[in-house]
Amino acid sequence: IIVVGYQGCQEDEWVEHLMQNLGDDMFPIAAEHAAGIKTFAAVHKKHVHAITFVEAEAEGTGIAHVGYNKGAVSISFCIYGTRLCFVNCHLAAHQDQIERRISDIAEIVGNTEFGMHYADIDFTNRHNCFFFGDLNFRLEGEREEILEKIQEEDWEALCVSPRPLQI
């Protein structure tokens with residue numbers, strides 16, 4: 001499985017470019033976009049027979065919470081009976097926007113609905129859900145201190161947050 005996400009992409013022939021680079025052994029199963037947020041999924045041709053229930057959904061969290069300059073484009077499908085969901089996000093930038101990013105994730109989770117083939121499906125009953133993209137979460141602290149912790153490979157110190165992320 002290969003899933004690719006773009007944020008801020010204005011390319012019209014993006015799927016064709018991806019397929020040219022992936023080669024003949026890959027089969028596209030979904031491509032969806034909302035403005036510049038684009039999500040693409042492909043599988044090796046030997047697995048195409050195992051793909052079912054392909055769905056795509058977009059949720060805008062940008063201007064007035066409907067614009068797609070920010071938000072997510074998601075692709076969901078089953079492969080060999082296991083449900084997968086890939087959520088390509090473009091969230092608010094800047095250090096002081098953490099509450100907005102958390103709120104936008106909650107909006108994406110709360111408003112993205114897959115259900116063409118299943119009744120009342122939401123993120124809580126997906127087997128595997130992957131969030132990726134330009135999430136814009138940042139490490140808290142001074143730049144020099146953060147770089148020093150990275151140089152020292154002090155990952156534990158970098159992962160400590162003053163407040164837990166609750167969505």
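D154 forms a salt bridge with K149, with 3.7 Å between the closest N and O atoms; a salt bridge here is a side-chain nitrogen of Lys or Arg within 4 Å of a carboxyl oxygen of Asp or Glu. The model is predicted, so local features need pLDDT of at least 70, side-chain atom pairs count only at pLDDT 80 or more, and totals for chains, interfaces and linings use all residues. Residues are numbered from 1 along each chain as its sequence is written, and side-chain values use heavy atoms, leaving out hydrogens and water.

**Overall layout**

- The chain holds four helices and seven strands. These are DSSP runs numbered from the N terminus: helices are H or I with at least four residues, strands are E with at least two.
- Along the sequence the pattern reads β-α-β-β-β-β-β-α-β-α-α.
- The chain has 167 residues, and 36% of them count as buried. Buried means under 20% relative accessible area, exposed over 50%, and partly exposed in between (1.4 Å probe, protein chains only).
- The accessible surface comes to about 9900 Å², and 51% of that belongs to carbon and sulfur atoms. Areas come from the Shrake-Rupley method with a 1.4 Å probe; for residues, only the protein chains shown count as cover.
- Among contacts with a separation of 6 or more, 59% join residues 24 or more positions apart. A contact means heavy atoms within 4.5 Å.

**Salt bridges**

- The count comes to two salt bridges.
- R100 and D104 sit four residues apart in helix α2 (residues 98-111), so about one helical turn separates them.
- An α-helix has 3.6 residues a turn, so residues three or four places apart point the same way.
- R100 is partly exposed at 28% relative accessibility, whereas D104 is buried at 0%.

**Helix α2**

- Helix α2 has 14 residues and reaches 20 Å from its first C-alpha to its last, close to the 20 Å expected at 1.5 Å a residue. The expected span is 1.5 Å times one less than the number of residues.
- Its buried residues are I98, R101, I102, D104, I105, E107 and I108.
- Cover for these buried residues includes strands β4 (51-60), β5 (71-79), β6 (82-90) and β7 (128-134).

**Aromatic rings**

- The whole structure has three aromatic pairs. Rings of Phe, Tyr and Trp (its six-membered ring) pair if their centres lie within 6.5 Å; planes under 30 degrees apart count as stacked, over 60 as edge-to-face and the rest as tilted.
- F77 and F86 are stacked, at 5.9 Å centre to centre and 25° between the planes.
- F77 is buried at 0% relative accessible area, and F86 is buried at 10%.
- F86 also stacks with F130, at 5.2 Å and 15°.
- F86 lies in strand β6 and F130 in strand β7, so this pair ties together parts 44 residues apart in sequence.
- F130 is partly exposed, at 40% relative accessibility.
- Ring pairs link F77, F86 and F130 into a cluster.

**Surface patch**

- L139, L147, I150 and W155 form a nonpolar surface patch with about 350 Å² of accessible area together. Patch residues have over 30% relative accessible area and no salt bridge; like charges are joined within 9 Å, and nonpolar side chains (Val, Leu, Ile, Met, Phe, Trp, Tyr) within 5 Å.
- I150 lies in helix α3 (residues 143-151) and is partly exposed, with a relative accessible area of 35%.
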